Amino acid sequence: MACVKPIVMLMDTPDETLATAAAGGDRSAFALLVERHYDRIYGLAYRLTGQRAEAQDLAQDICAGLPVKLRHWRGEARFTTWLYRVVVNAAHDLRRRQAVRAKAGIGWGDWEIARQDEIAAQVEAQDWLAQAMSRLPIELRDTVALVLGEEMTQAEAAVVLGLSEGTIAWRMSEVKKRLRAMAAEDAR
Amino acid sequence: MSDELDALKAALRTAPVPDPAAKAAALRLAMDNFDRLQASTDALRPKEDHPARVGFLQRTKAMLMAVKTKPVLAATTSVAALLVGFVVILPLVGHGPLPQAQKPVVSEAPEALIATPEAAKPLAPAADKAVTLQDTAPALKAAPAARATLGEEAPAGIVADMPAPMPEPMVQPVPNTEAFANADANPVKVTAEAPVSTFSIDVDTASYAVVRSSLNAGSLPDPAAVRIEEMVNYFPYAYPAPPQGQAFRPTITVMPTPWNPNTRLVNIAIQGALPDVATRPPLNLVFLVDTSGSMEDANKLPLLKQSLALLLAQLRPEDQVALVAYAGAAGEVLPPTSAAEHAKILAALDQLAAGGSTAGAQGLELAYQVAGSMAASGEVSRVLLATDGDFNVGIDDPQALKDFIAKKRDSGVYLSVLGFGRGNLDDATMQALAQNGNGTASYIDTLNEARKVLFDQLTGALYPIADNVKIQVEWNPAQVAEYRLIGYETRALQREDFNNDKVDAGDIGAGTQVTALYEVTAPGSPALRNDPLRYGSAPAVQGSAELGYLRLRSVAPGAADSSLQETPIVPGMPVTNDTRFAAAIAGFGQLLTGGKYLGDWGWDQAIDLALASRGSDAFGYRIEAVNLMRMAKALAAQ
């Protein structure tokens with residue numbers, strides 16, 4: 001094999017070094033990288049989708065696609081920022097597919113109605129978090145997942161979502177406003 | 001922070017612990033895919049003991065060897081599909097203007113197949129070539145046992161066993177994942193055996209622009225990227241206009257073949273009518289813009305924005321424009337808007353930024369949905385897909401995508417494809433999409449080309465005047481013993497498809513020209529390539545002076561059934577600069593693809609002929625072609 005340059009992978013090797021090595025074909029670096037970040041991927045996927053099963057599927061899809069995705073890793077951002085972006089994009093794709101499917105599903109007969117009912121029941125069974133999250137518009141939900149869920153600064157979240165910091169700040173104030181309105185509504 | 005936010009934060013922070021089994025499965029899948037990706041990459045990465053450019057066959061062999069040793073490959077369901085990917089992409093290895101051509105070349109980038117097995121799955125024309133190799137797929141499946149014996153080729157195995165390969169990041173070449181649609185050159189046919197030749201017209205021009213971008217980047221184009229008919233059809237010709245009320249008019253010119261004194265060229269030129277532009281129906285355009293990460297380069301998204309801005313100037317207030325982006329975060333960027341609102345449309349265009357992966361299929365669905373909502377009776381709706389062809393996410397099943405587009409085609413929405421940038425241009429998919437979507441595929445490499453496609457020739461590009469145009473020529477064995485269709489390899493039709501309106505074919509836009517060239521050999525000519533048969537082969541009926549008979553079938557836009565137009569092929573039309581120039585370009589294309597039938601005729605002759613026949617050339621397209629020929633000549637001499 002040409003250009004073999006073994007490097008020792010330690011538990012404290014920075015993510016960026018691992019990612020660059022993995023993108024270059026280093027198997028152990030890749031293994032360490034996914035192992036290290038699976039929980040993070042799953043966590044954000046859960047916060048974005050609000051459903052365990054969905055988060056699990058999404059995390060698996062992301063892991064499966066990561067080797068190819070890493071080809072585009074240029075080391076321009078922090079690895080976690082890059083990874084968060086991958087997760088957010090994957091969640092968006094999933095939602096879009098679901099939207100198309102839901103539309104196609106209208107008028108599919110009993111089987112589909114039963115399935116839709118089941119989904120509705122699941123939603124109802126969820127706790128306050130799901131209630132609150134599901135009443136927020138999608139773009140606010142994404143912002144909340146990153147800023148509150150992942151404890152990112154507004155600047156970091158802006159980089160992940162490809163938006164300006166001001167937009168994030170506005171969105172967070174919007175979230176606050178809506179949560180207050182929801183609380184007032186629930187109190188009545 | 002307020003109480004509400006704190007409560008939400010607390011709830012969000014307590015995310016459930018991942019299921020260990022699911023985690024293990026996901027990690028395993030990640031490693032499998034990593035190995036698979038490496039397997040295909042390792043085999044193609046040049047070794048130090050090779051020169052950077054190894055022979056085509058050697059590389060093929062090395063790659064197939066490596067493939068055989070990969071159990072992972074065999075374990076997937078897509079062995080056949082991956083092989084198809086090889087077939088389509090292989091001819092490219094080591095050619096083409098690789099994106100790093102301008103940089104000091106440290107190593108070649110023959111990583112063609114790593115990223116796009118999906119994209120290269122058999123969409124239309126590519127499928128023809130794929131068939132032969134699919135047969136070998138079962139053999140590969142049986143091969144995993146061979147793995148242990150080939151230590152050097154084996155993938156980086158278990159973590160502890162092997163020092164991890166670590167190519168220097170700076171050396172890592174940008175993967176070139178281009179794929180082109182092509183087929184072998186049409187052979188010489190014997191009229192007595194196969195008197196009928198059938199094909200669909202091809203109004204695309206993408207191939208010429210790809211050839212130009214390769215030559216301008218200093219390398220000869222991959223022969224697979226050369227489709228001669230698209231090169232010929234790139235140029236405007238002044239063919240006689242059709243009479244009032246007719247959609248198009250064929251003009252047949254018989255002339256001596258520039259490269260062979262003993263054969264003749266038959267130029268079949270079709271001129272589409274140019275309806276009164278002032279009374280054209282309103283247009284509904286949906287720009288479907290690829291904003292995936294790969295579109296970042298200056299010659300992709302920025303050029304695309306400029307190009308679409310050019311187009312806007314040509315539209316009228318009653319025309320409507322919508323903008324759909326597809327990539328990670330996609331959706332309708334601009335709802336249907338009157339073309340008069342320039343500022344609004346330009347602002348929406350300006351907002352587009354590259355990022356995320358490509359999900360072409362969902363983008364297409366959304367674009368068609370938007371186009372459907374805009375359509376009113378009598379209006380023309382078209383989706384303009386602008387992409388670098390990186391369809392590697394979202395198409396789970398290329399056949400399904402093709403079917404989807406074909407179905408939408410029947411709903412009256414047209415699809416045109418604008419290709420941008422090089423590096424992972426998936427010409428094969430673009431061709432398949434445009435062909436199935438009743439549209440054209442153009443490749444935009446410069447703002448000038450954008451002007452040609454979207455400004456000067458906008459009417460032709462957006463207004464179809466005849467759909468499903470098929471050409472059938474029956475040759476008269478008394479006059480033509482052998483014939484050869486130059487180009488149109490990817491457009492061949494079965495003889496019986498000609499009368500079958502269910503079989504789709506190309507469409508002619510308003511005011512456009514389509515040219516097809518045959519090289520024909522008379523009986524008894526010294527240029528005959530086939531000896532007469534000793535047995536059989538009935539003597540040709542003497543008498544008719546016709547070389548053959550041309551049948552054209554087309555469907556008026558919106559109509560259900562096709563109509564037929566017939567003309568005998570007889571010599572007599574004067575040879576013009578246009579027909580001579582078309583012949584020069586056909587020669588150019590053949591020189592780029594090997595020039596099997598050209599004899600001694602070479603670059604100098606092609607240049608002379610093109611120069612002599614360039615005519616007024618108001619836009620300079622023809623002189624540009626001459627300069628490209630000069631460049632190709634210089635590159636070929638290296």
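Modeller: Two residues are in contact if their C-beta atoms, placed from the backbone, lie within 7 Å. This is a predicted model: local features need pLDDT of at least 70, side-chain atom pairs count only at pLDDT 80 or more, and totals for chains, interfaces and linings use all residues. Residues are numbered from 1 along each chain as its sequence is written, with chains lettered from A and ligands numbered from 1 in the order in which they are written.

Biologist: Which residues is B:Val286 in contact with, leaving aside neighbours within four places in sequence?

Modeller: B:Ala322, B:Val324, B:Ala367, B:Val370, B:Ala371, B:Val383 and B:Leu384.

Biologist: How many residues does the largest nonpolar core have?

Modeller: A nonpolar core is a set of buried Ala, Val, Leu, Ile, Met, Phe, Trp, Tyr and Cys residues joined through C-beta atoms within 7 Å. Buried means 20 or more other C-beta atoms within 10 Å of a residue's own, with C-beta atoms placed from the backbone. Here the largest core has 128 residues, and B:Val286 and B:Leu288 have the most contacts inside it. Its largest share, 9 residues, comes from helix H17 (residues 577–592) of chain B. Helices are DSSP runs (H or I, at least four residues), numbered from the N terminus.

Biologist: Which residues does the second core include?

Modeller: This separate core of 56 residues includes A:Leu33, A:Val175, B:Leu8 and B:Phe34.

Biologist: Which residues of helix H1 of chain A are buried?

Modeller: In H1 (residues 15–23), A:Leu18, A:Ala19, A:Thr20, A:Ala21, A:Ala22 and A:Ala23 are buried. A:Gly25 follows H1(A), with a positive phi near 110°.

Definitions and conventions. A residue is buried if 20 or more other C-beta atoms lie within 10 Å of its own, exposed if 12 or fewer, and partly exposed in between; C-beta atoms are placed from the backbone. Helices (H or I, at least four residues) and strands (E, at least two) are DSSP runs, numbered from the N terminus.
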